[in-house]
Amino acid sequence: MDYDQASYLNTQAQPGMQMPFSEEAEQSVLGAVLLDPQCLSTVAEILPRAEYFYGVNNQLIYGAMLEMYTLGQPVDFVTVLEKLREVKEFDRETGRGYLVKLAQLVPSISNVEVYANIVRDRFDMRTLMQAAREILDDANTGAEDSSLLLDSAEQRIYDIRRGKAMKGLQPIKEILLDTFDRLDRLNSADSDQYKGIPTGIGLLDSTITGLNRSDLIILAARPGVGKTSFGLNIARHASIKSRRRVAFFSLEMAKEQLSSRLLSTEASVEGTKLRSGDLDKAEWTRLIEAGDILSRADLYFDDTPGITVPEIRAKVRRLKNVDLVIIDYLQLMSGTKRTDNRVNEVSEITRTLKIMAKELDVPVIAMSQLRRPGDRSKDHRPGLSELRDSGSIEQDADIVIFLHREAYNAASEGGQVTEDMDTSAAEIIVAKNRHGATIDIPVHWQPEYMRFTSRDATREI
C-alpha cells in the first residue's frame, strides 16, 4: 500500500456525500505524539477514541497509542511500531516508513491541540451528515408520525452535541477519580450545590439523601390525597429555598390553578378565598409579598395535555441547566408507540423516563395514581402492588414514595372516620429506596393552604 496516497480513505461513505476529513490534521496529531508523547494527555481529552480519525491506518495507530497510554506503557516511535506489528490489519512492510513520515510532517508540536480540534470538528461534521441521511431515510419510509420523526431527529442532533454516540466502556480508575472529585466537592464550602436537592421534609431528605441526579422518583397516592400539592411543595422548596431551576409538567391542572395553589401555600391564605376573592387587607398584603417571592423563583410550568417523554426531554433541553423535573401525572402521559395495551404503554413511559433522568443527569419525579385495594376490609395503607397499570413502575424507579392520609382514605372508601382520627395527620411512606432504608415518615397536612409540613414545623417546608 502506498501511504503517500489517500486511496485507503472512503471519502463517500454515503451516496452523493463527500465526507469531510483533514488528512494533514490527523497526521500532524499522530506525528506530534511520536515526537512528544507528553502531549497525548491533552490530545486524549479531545479525541478519546480512535474512531475520531477518518483514515483507517490513522485509526489503528492512534488506537495503539491510546491503549499503551492507558496501560502506562511508554509511547514513542519504537514502542508504537512494535505494538502495531501485533495488529494484522496494519501493513507491516510500509508501516515503518509511514511512521517516519508522520514525525516529519508535523508543522509545530505546540499546535497539537489545534490539530486535534480540527480532527474532532471533521468527525462531528461526518456524524452530522450521517444523522441527516438517517433522518431523510426515516422520513421517506413514512412509517412514523411527523411528531415522532421530529423527536427522533432532535435526539440524534442532541446526541452528537453531547458526544453520546462515542461513549464507551470506561476503566474503573477513571471512574474512581470522578468519585473522589465528587467527594471533595461534597466537603467544600459550596457543598449544597452538589448534594441531593432537599424536598423540605427533613427526615425524608436524610432517608433518600435528597433528590439525586439521574434518579427516577415515583410519588404515588390515591386520588385526592394530595400528590399534586406535595409535588408543588417540593417544586416551591427547590426553586425558592434551594435556588434550583425546576420544570413542572402538569397534565391534569392548568398553569393558573397551579400558580394559585402556590400563592396559597406561600402566603398562608386559604385556597377558597383565592377562588372567591373574599380577602381582607392583611391577606392582600401577604399575597403581594408571596407574589414577589414566587416571581423571582426559577420555576417553569407546562400544561400540555397528553405530553410524551420525548417532548418533555426536548423542552427540558431547550430550557437548559434544569435541576429538577416534576411530572403530574404518569397515567395521563402518552406513549410514542401505537398500542391498545395500556400496561405496555405505561411500561414504555417509565423506561424512557428513567433513561431521560440518566441522560439529562437530573432527578425526575413522576407522580402516579394508585388503584383502590380489592378488599376494603383490609388496611387502607398503600403498597407497591397498587401502582396502576404496570409493574414496571416499581422496577424502573429508584425511589417509590406513597402519600397516605388514613382519615381521608377511610372516608373515601366508605369506611368510618372515628373521633380519634386526626384529619390533619399524614404519612410519607418510602416503599422503595435504592439509596437506603424504607421507612414511614409522619407529616402534617394543612388542607386550607394545600401544604405538607414536618410534624415539628407549622409554617415552612
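1. Quick definition to start: a salt bridge here is a side-chain nitrogen of Lys or Arg within 4 Å of a carboxyl oxygen of Asp or Glu. Keep in mind that this is a predicted model. With that criterion, searching the whole structure turns up 15 salt bridges.

2. Take Asp298 and Arg245: their closest N and O atoms sit 3.0 Å apart, which makes the pair a salt bridge. The partners are 53 residues apart and link distant parts of the chain. Asp298 is in the loop between helix H13 (281-295) and strand E3 (299-302), while Arg245 is in the loop between helix H10 (227-241) and strand E2 (246-250). Asp298 is partly exposed, at a relative accessible area of 25%.

3. Arg317 belongs to helix H14 (residues 309-319) and Glu359 to helix H15 (residues 342-360), so the contact ties together parts 42 residues apart in sequence. Arg317 is buried, with a relative accessible area of 13%, and Glu359 is buried too, at 8%.

4. Arg434 and Asp398 also meet in a salt bridge, 2.9 Å from N to O. Arg434 lies in the loop between strand E7 (425-433) and strand E8 (440-446), and Asp398 in the loop between helix H16 (392-396) and strand E6 (399-404), so parts 36 residues apart in sequence are tied together. Arg434 is partly exposed at 47% relative accessible area, whereas Asp398 counts as buried at 6%.

5. One last thing to look at: Glu67, Lys83 and Glu86 are joined in a salt-bridge network.

Notes:
Residues are numbered from 1 along each chain as its sequence is written. This is a predicted model: local features need pLDDT of at least 70, side-chain atom pairs count only at pLDDT 80 or more; totals for chains, interfaces and linings use all residues. Side-chain values use heavy atoms; hydrogens and water are left out. Helices (H or I, at least four residues) and strands (E, at least two) are DSSP runs, numbered from the N terminus. Buried means under 20% relative accessible area, exposed over 50%, partly exposed in between (1.4 Å probe, protein chains only).
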